[in-house]
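Have a look at the model first, and then follow along with what I looked up.

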Amino acid sequence: MLSLIRSLTVFAAGLFATAYLLNPTLGVFELLPDNMPLLGNLDEAAAATLLLMCLSYFGIDLTRAFRRRRVDSRETSQDTQ
């Protein structure tokens, strides 16, 4: 029962983050106005982070798309010779 409540809470947070990022009210529903220097986009960054965390909770890990590939040092040393 507790896991169901947790899943519903995470789902609701994901819906909120998605709605905030889609911004259907055209700026009426803003926590921080975008014209504030350096601070204006922090609320969108927090909503994007919340959405990525909610998706990874349900097994959709989009953060893997942003990781760099590691190059094996043995392959690099063989290519240079």
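Which residues form a nonpolar patch on the surface? I found Met1, Leu4, Ile5 and Leu8 there, with about 450 Å² of accessible area together. The areas come from the Shrake-Rupley method with a 1.4 Å probe, and for residues only the protein chains shown count as cover. A patch takes residues with over 30% relative accessible area and no salt bridge, joining like charges within 9 Å and nonpolar side chains (Val, Leu, Ile, Met, Phe, Trp, Tyr) within 5 Å. A salt bridge puts a side-chain nitrogen of Lys or Arg within 4 Å of a carboxyl oxygen of Asp or Glu.

A note on ground rules: this is a predicted model, where local features need pLDDT of at least 70, side-chain atom pairs count only at pLDDT 80 or more, and totals for chains, interfaces and linings use all residues. Residues are numbered from 1 along each chain as its sequence is written, and side-chain values use heavy atoms, leaving out hydrogens and water.

Next I checked confidence. The chain has a mean pLDDT (the predictor's confidence in each residue, from 0 to 100) of 81, and 80% of its residues reach 70 or more. Helix H3 (residues 73-80) has the lowest confidence, at a mean of 58, while H1 has the highest, at 92. Where pLDDT is low, the predicted coordinates should not be read in detail. Helices here are DSSP runs (H or I, at least four residues), numbered from the N terminus.

Then I turned to Tyr57, in helix H2 (residues 42-57). Which residues does Tyr57 touch, not counting those up to four places away in sequence? I listed Ser3, Arg6, Ser7 and Val10, with contact meaning heavy atoms within 4.5 Å. Tyr57 and Phe11 are 46 residues apart in sequence, yet 9.3 Å apart in space, C-alpha to C-alpha.

My last stop was Asp43, also in helix H2. Is Asp43 buried or exposed? It counts as buried, because its relative accessibility is 7%. Beyond its neighbours within four places in sequence, Asp43 is in contact with Tyr20, Glu30, Leu31, Leu32 and Asp34.

How values were computed. Helix = DSSP H or I, 4+ residues; strand = E, 2+ residues; numbered from the N terminus. Buried < 20%, exposed > 50% of the residue type's maximum accessible area, 1.4 Å probe, protein only.
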